[in-house]
Amino acid sequence: MDSTVKKLASGAGILLSRAVQFTEEKLGHAEKTELDAHFENLMARADTTRHWTEKIMRQTEVLLQPNPGTRMEDFVYEKLEKKVPARQCNVELLGQFMTDAGNEFGPSTPYGKTLIKCGETQKLLGSAEKEFVQASMMSFLTPLRNYVEGDYKAIAKERRLLESKRLDLDACKTRLRKARASEAKASAEPDFQDIRPRNFVLSASISGLAASTAEGENNIALWAKEVTKAEQDLRVAQLEFDRQAEVTRLLLEGLSSTHANHLRSLHEYVDAQVTYYAQCYQYTVDLQKQIGSTPTPLPARPLHPNAPPSSTIPLAPTPVTADGANLGLAGRRSARVLYDYDAGDSSELSLLADEVITVYSIPGLDSDWLMGERGNQRGKVPVTYLDLVKS
């Protein structure tokens, strides 16, 4: 019990000493031990790394899961160390609704058949999104979170210990400085023989003189003892401060390896993005081909991701007459192909980028299409894929 009380009292005394030293430093009444410039740069670098890593991590979480309620639910399951229940993403839900609607409208109808095909593709896109999210969580988010919630917390803990050791060191310096000043003051007290009055009667004050001399010698001895103890405490405090500074420095210098790990994780994240978007592109191109071959009341208008706005695309020519008059686009024209195009059925003509073909219009052909010829091959071609050559 007594040892516990002594420990509590000692701890309270240390905390009080640190508080006094901190307050005096803020008021400008005490000196502060400054760290070297390299150490300060390392600490600033650690703070900057934590700041931006946390921002990137939070925004990546929002990107991968935009729903804040779902993010909170996943966070709770993670803290409880329970498996997150399987749930459909928004794209998969859309695909399910499209499939159900297509079956309701009738799989044999053009609209119902197309809805079902679109729904199947949306489900594939949803599966690709889930794979991308999982890969990003494992390869990118986890290393960032490990730094923010693990490595940086360890650095912050050691920095707090270092600050405590610095306060202890500066408090010991202050105590030693005060003890030396008091010792010097006690040693410099004027001798009684030098300050006695001329008419001083020695016989009447011999006892007071002896007491005063003894008290002065006692004070000097006490302050000398205090100086010795303060010097010893200072050596111990300096040793502990140096040891803690070295531990903290080693952790801070590990930031280089942290940046290298984050760089590797960033490469893996980009690779996951490339895979995801390539899958999405392939799924949507396949869907475009499928619905392009589905009979519909109106001809489909194929689009390309890099196609120019519709306002910049020349309109198809007006139908020709029986005698070849009123051709609109001056009859048969040459056109350069802008993008590759795979024919959706036998009535269309496949195209290769940068090749030149002959195009013209025929009666009853939709305005989004022209007839194209390449040698003895002939078929419909989309206007959006062509750049008509001026005659």
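**Exercise 1.** Identify the residues that ring pairs link into a cluster.

*Solution.* Apply the pairing criterion: rings of Phe, Tyr and Trp (its six-membered ring) pair if their centres lie within 6.5 Å. Ring pairs then join Phe 132, Phe 140, Tyr 269, Tyr 276 and Tyr 277 into a cluster. In total, the structure contains eight aromatic pairs.

The model is predicted: local features need pLDDT of at least 70, side-chain atom pairs count only at pLDDT 80 or more, and totals for chains, interfaces and linings use all residues. Residues are numbered from 1 along each chain as its sequence is written, and side-chain values use heavy atoms, with hydrogens and water left out.

**Exercise 2.** Classify the pair of Tyr 341 and Tyr 385, and state whether these residues are buried or exposed.

*Solution.* Step 1: planes under 30 degrees apart count as stacked, over 60 as edge-to-face and the rest as tilted. Step 2: the ring centres of Tyr 341 and Tyr 385 are 5.1 Å apart and the planes stand at 65°, so the pair is edge-to-face. Step 3: Tyr 341 and Tyr 385 are both buried (under 20% relative accessible area, with exposed over 50% and partly exposed in between; 1.4 Å probe, protein chains only).

**Exercise 3.** Classify the pair of Tyr 147 and Tyr 152.

*Solution.* The centres lie 6.2 Å apart and the planes meet at 55°, so this pair is tilted. Tyr 147 and Tyr 152 are both buried.
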